Amino acid sequence: MKPWIIVAILGAAAIVYALMLPKRKADKSSSDKDKIVQEVEATLEQYFADIERENEELVGLIAQMKQEASSKQLAQQEQLVEMRQRIIQLEQQQGQYEARMAALEEGSKHAASQPPQSVPETLGTQGSRAGNESDHNESEASAEEGLEPSIRERYPELFELHAQGKSIEGIAKRVGMQKGEVQLILQLAKQEGSL
């Protein structure tokens, strides 16, 4: 073979090799791009999965907070209703106490303005009955005569417990009255001078 043919063949081989070389690189670069795209897609999928999980946790926390808030609100509404009922009861009791105070003051003023009268003999025979019954009958008889019974006659058990040295709380529990009511009766008795 002639040397120029060898050079031509070698040149042609070099050209063919040169043309094939970029194709290999292109194949490699496209496979690298595919790998990078797959990695990015996997990373994004993981990221979106994490975000979705965190969103679900947040939704759960918000639902729990709503439930707690509604239960607290319900409890507060129940307390509010209970407090309103207690206020109404206290207002009613206050009205009753004011009416009793007015009646007791009226009775003490009325008793102070009238001179003491002797007890009729019929009351003396009834006075032989025991305990509270006699006190009750005397107060009824004096009420029939137009006299208000004294505070001591109205609440004999209360004054008996007071004479025994019982506390105001103990007296209130025993006779079924409020503490303030017992204190008021004792104060009116002091004003009346029967204590």
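Leaving aside its neighbours within four places in sequence, which residues is E181 in contact with?

## A buried glutamate

Apart from its neighbours within four places in sequence, E181 is in contact with Y97 and R100, where contact means heavy atoms within 4.5 Å. E181 is found in helix α7 and is buried, with a relative accessible area of 8%; buried stands for under 20% relative accessible area, exposed for over 50%, and partly exposed for what lies in between, with a 1.4 Å probe and protein chains only.

## Basis of the model

This is a predicted model, in which local features need pLDDT of at least 70 and side-chain atom pairs count only at pLDDT 80 or more, while totals for chains, interfaces and linings use all residues. Residues are numbered from 1 along each chain as its sequence is written, and side-chain values use heavy atoms, with hydrogens and water left out.

## Overall make-up

The protein has seven helices and zero strands, so that its elements read α-α-α-α-α-α-α from the N terminus on; helices (H or I, at least four residues) and strands (E, at least two) are DSSP runs, numbered from the N terminus. Of the 195 residues in the protein, 14% are buried. Among contacts in the protein with a separation of 6 or more, 47% come from residues 24 or more positions apart.

## The largest nonpolar core

A nonpolar core is a set of buried Ala, Val, Leu, Ile, Met, Phe, Trp, Tyr and Cys residues joined through side-chain atoms within 4.5 Å. The largest one holds 15 residues, of which I151, Y155, L158, F159, M177, V182 and I185 touch the most other members. At least two residues of this core are supplied by each of α5 (156–163), α6 (168–175) and α7 (179–192), and α7 gives the most, with six residues.

Within α5, the buried residues are P156, L158, F159 and L161. Just after α5, G165 takes a positive phi of about 90°.

## How the helices pack

The axes of α5 and α7 lie 11 Å apart at an angle of about 85°, where axes are lines fitted to C-alpha atoms, for helices over the stretch in contact, and angles run from 0 to 180 degrees between N-to-C directions. The two helices α5 and α7 are therefore roughly perpendicular to each other; angles under 35 degrees count as roughly parallel, over 145 as roughly antiparallel, 65 to 115 as roughly perpendicular and the rest as oblique. In this contact, L158, F159 and H162 of α5 meet V182, I185, L186 and A189 of α7, and these residues divide into six nonpolar, one polar and no charged. Here Ala, Val, Leu, Ile, Met, Phe, Trp, Tyr, Cys and Pro count as nonpolar, Asp, Glu, Lys and Arg as charged, and the others, Gly among them, as polar.

For α6 and α7, the packing angle is about 105° and the axes are 9 Å apart, and these helices are therefore also roughly perpendicular to each other. I168, E169, I171 and A172 of α6 make this contact with K179, V182, Q183 and L186 of α7, which by class gives five nonpolar, one polar and two charged residues.

## An aromatic pair

The structure holds one aromatic pair, formed by Y47 and F48, which is tilted, with 5.9 Å centre to centre and 55° between the planes. Rings of Phe, Tyr and Trp (its six-membered ring) pair if their centres lie within 6.5 Å, and planes under 30 degrees apart count as stacked, over 60 as edge-to-face and the rest as tilted. Y47 is partly exposed at a relative accessible area of 49%, whereas F48, at 51% relative accessibility, counts as exposed.
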